[in-house]
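Hi everyone, thanks for coming. Let's have the model up on the screen, and then I'll walk you through it piece by piece.

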Amino acid sequence: PQVNLLFIYSATMQYPMYYRIVPGNIREVKAFKLILEESSIKDAIIIADKGFYSQSNVAQLQEEQLRFIIPLRRTSNMVDYEPLKSKGNLGGYFKFNNRYIWYYSYPVGNFMLHCFLDEHLKNKEEHDYLNRIEKDPDTYTVENFFKKHLHFGTMAILTNINESSSEEIYTNYKSRNNIEVMIDAMKNILNADSTYMQDEKALEGWMFITFIALQWYYSLYRLLSNKNLLSKFSPHDLLTYLSEIKKVKINDTWYTAEITSKTQKIIDLLDIHIT
């Protein structure tokens, strides 16, 4: 009744390259190795979310010789927040998306743990917590605020890619947002959050068509990106405008029906041909 849908997404091409359906009772770690074997991709990094970390998952990733980046919960006892008491204790900073990110790192067994501080996020989280104290003083207190204040704005990442810098690890992790956007497009733009399929063959066919549609969606995304039009139009906007173009049959001959000026403008900007 349940399946896991696994994708390989190219961070450099910004494009979904591969998918595989596995039964819902199969652990993802077991499937990762076969996916990379079948796809012949050698330079892959498993980028997880905070709920993925466990000693058994990390052990399996190591056993399968898979490279990984796993964020830890802020309450993890592996994270040492003491260096955050003074910026002089930190390893330095870098700029990401117009924000300055402070960092430090240290070994944990055979792995590296990278800690990051985003002061913009820290100020926002402190402000949010103080608001909660005012609204719900029985649950949120000043004492707890000071207990947690070193945690605000931080992220800790465990990795077995020991040769990479903190900035490289952070940048790779942030590329995960592209995956989330892709899944969101699949669910909400393609309306593929439920299959309604009754057997395995129908499910495979449905997924094949959905994957092709997803690749077309990203082809439109790249087209808009290359023309610097993403700030004005989304792929969904483009599909909406193009869906208004109709063909009419007159005396056994097909003609393109009238096109609105706005749709024609988009066609001209993108330099696409309507057959």
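**Strands, helices and a few residues**

Let me begin with a pair of strands: β5 and β6 (residues 99–108) run antiparallel and are joined by 5 bridges. Helices (H or I, at least four residues) and strands (E, at least two) are DSSP runs, numbered from the N terminus.

Before going on, a word on where this comes from: it is a predicted model, so local features need pLDDT of at least 70, side-chain atom pairs count only at pLDDT 80 or more, and totals for chains, interfaces and linings use all residues. Residues are numbered from 1 along each chain as its sequence is written, and side-chain values use heavy atoms, with hydrogens and water left out.

Back to our pair. G92 has Y103 as its bridge partner in β6. The hairpin of β5 and β6 has 2 residues between the strands, and N97 takes a positive phi near 50° there. Now, which residues of β5 sit on the covered face, and which on the uncovered one? G92, F94 and F96 are on the covered face of β5 (residues 92–96), while Y93 and K95 are on the uncovered one. As a reminder, in a regular strand the side chains alternate between the two faces of the sheet.

Let's zoom out to the sheet. This is an open sheet of 6 strands with mixed pairing, in the order β3-β4-β8-β7-β6-β5. Its edge strands are β3 (46–47) and β5, each of which pairs on one side only. Further in, β7 (residues 111–118) and β8 (residues 154–159) pair in the antiparallel sense over 6 bridges, and M112 stands opposite T159 in β8. Helix α5 (residues 166–174) packs on the sheet, where it touches β3, β4, β5, β6, β7 and β8, and its direction makes about 35° with that of β5. Helix α2 lies across β3, β4 (68–72) and β7, running at about 170° to β4.

Two packed helices are described by the angle between their axes and the distance between the axes. Helix α1 (residues 28–39) packs with α2 (residues 55–63) at an angle of about 20°, their axes 9 Å apart. So α1 and α2 are roughly parallel to each other. The cut-offs are these: under 35 degrees is roughly parallel, over 145 roughly antiparallel, 65 to 115 roughly perpendicular, and the rest oblique. V29, K30 and F32 in α1 meet N57, Q60 and L61 in α2, contact being heavy atoms within 4.5 Å. The residues of this α1 and α2 contact divide into 3 nonpolar, 2 polar and 1 charged. Here Ala, Val, Leu, Ile, Met, Phe, Trp, Tyr, Cys and Pro count as nonpolar, Asp, Glu, Lys and Arg as charged, and the others, Gly among them, as polar.

Next, helix α8 (residues 235–242) and helix α9 (residues 261–270): their axes come within 10 Å and cross at roughly 125°. That angle makes α8 oblique to α9. L238, Y241 and L242 in α8 meet K262, T263, I266, I267 and L270 in α9. By class, the contact of α8 with α9 has 6 nonpolar, 1 polar and 1 charged residues.

Is L224 buried or exposed? L224 is buried, with a relative accessible area of 0%; buried means under 20% relative accessible area, exposed over 50%, partly exposed in between (1.4 Å probe, protein chains only). Leaving aside neighbours within four places in sequence, L224 is in contact with L229, L230, F233, S234, P235 and L270.

For contrast, take D43, in the loop between α1 and β3. D43 is exposed, with a relative accessible area of 63%. The C-alpha atoms of D43 and R27, 16 residues apart along the chain, are separated by 22 Å.

K247 stands opposite T256 in β10. There are 2 residues between β9 and β10, and N251 in the turn has a positive phi of about 50°. Thanks, everyone!

Conventions. Axes fitted to C-alpha atoms, helices over the stretch in contact; angles between N-to-C directions. Pairing = 2+ DSSP bridges.
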